[in-house]
Amino acid sequence: MAIERTFSMIKPDATRRNLTGAITKIFEESGLRIIASKRVWMSRREAEGFYAVHKERPFFGELVESMSAGPTIVQVLEGENAISRNREIMGATNPKDAAEGTIRKLHALSIGENSVHGSDAPETAKQEISYWFSETEIVG
Ligand code: CMP
């Protein structure tokens, strides 16, 4: 199995409800190691840049609004097959479709306020990590 790195965010809907520790515990108990972490309040411009791939989607405005509405925890997670492992742990984007025991099933409010984000592929993980972190901030 390959040791990988993935990018993760604990979104404003979750930090607002004081769920940072609860969600972090799920990552750690699932075998993912947090090798970088910081709390940021992203600007609209940062949210637009991060989610630029979705800019033509009808929900883009709502997404930028909710991501800049409060603090986010941005993290780098490391572990065996970390990208797909993290996606399993998070559950489906829409909490209505998320499996029992997943973070989104447990904590998400809606598809827009779905508590966590995780990279979907190695190339996006690289891009997303470098959007928020310099090499010296990542301590594996
Ligand atoms: P995330 O994994 O952060 O990637 C893009 C985000 O867009 C997604 O989680 C959802 O929070 C949000 N999103 C996707 N589809 C919709 C939708 N139909 N309505 C509102 N937000 C959405």
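Is Asn 81 buried, exposed or partly exposed? Asn 81 is partly exposed, with a relative accessible area of 28%, where buried means under 20%, exposed over 50% and partly exposed in between, for a 1.4 Å probe and protein chains only.

The structure is a predicted model, in which local features need pLDDT of at least 70 and side-chain atom pairs count only at pLDDT 80 or more, while totals for chains, interfaces and linings use all residues. Residues are numbered from 1 along each chain as its sequence is written, and side-chain values use heavy atoms, with hydrogens and water left out.

## Loop residues with positive phi

Asn 81 sits in the loop between strand 3 (72-80) and helix 5 (82-90); helices (H or I, at least four residues) and strands (E, at least two) are DSSP runs, numbered from the N terminus. Its phi is near 45°, a positive value in a residue other than glycine. Asn 18, in the loop between helix 1 (12-16) and helix 2 (20-29), also has a positive phi, near 60°, and Asn 18 is exposed, with a relative accessible area of 72%. As background, most residues other than glycine have a negative phi.

An open sheet of 4 strands has the order 2-3-1-4 with antiparallel pairing, where two strands pair if DSSP finds at least two bridges between them. The edge strands, each pairing on one side only, are strand 2 (33-40) and strand 4 (116-118). Neighbouring strands of this sheet are turned by 20° against each other on average, direction ignored; the axes are lines fitted to C-alpha atoms, for helices over the stretch in contact, and angles run from 0 to 180 degrees between N-to-C directions.

Strand 1 and strand 3 pair in the antiparallel sense over 8 bridges, whereas 3 bridges join strand 1 (residues 3-10) to strand 4. Ser 8 has Gln 75 as its bridge partner in strand 3 and Gly 118 as its bridge partner in strand 4, and Ile 10 stands opposite Val 116 in strand 4. Helix 7 (residues 122-132) lies across strand 1, strand 2, strand 3 and strand 4, and runs at about 55° to strand 1.

His 107 belongs to helix 6 (residues 103-107) and counts as buried, at 17% relative accessibility. Leaving aside neighbours within four places in sequence, His 107 is in contact (heavy atoms within 4.5 Å) with Arg 17, Leu 19, Ala 22, Ile 23, Ile 26 and Ser 115.

## The ligand

| Residue and its N or O atom | Distance to an oxygen atom of the ligand |
|---|---|
| Arg 104, side chain | 3.4 Å |
| Ile 111, backbone | 2.8 Å |
| Asn 114, side chain | 3.2 Å |

Taken alone the ligand exposes 460 Å², of which the protein buries 79%; accessible areas come from the Shrake-Rupley method with a 1.4 Å probe, and for residues only the protein chains shown count as cover.

Technical notes:
A polar contact is a pair of N or O atoms within 3.5 Å; within protein, one must be able to donate a hydrogen and the other to accept it, and residues adjacent in sequence count only if both atoms are side-chain atoms.
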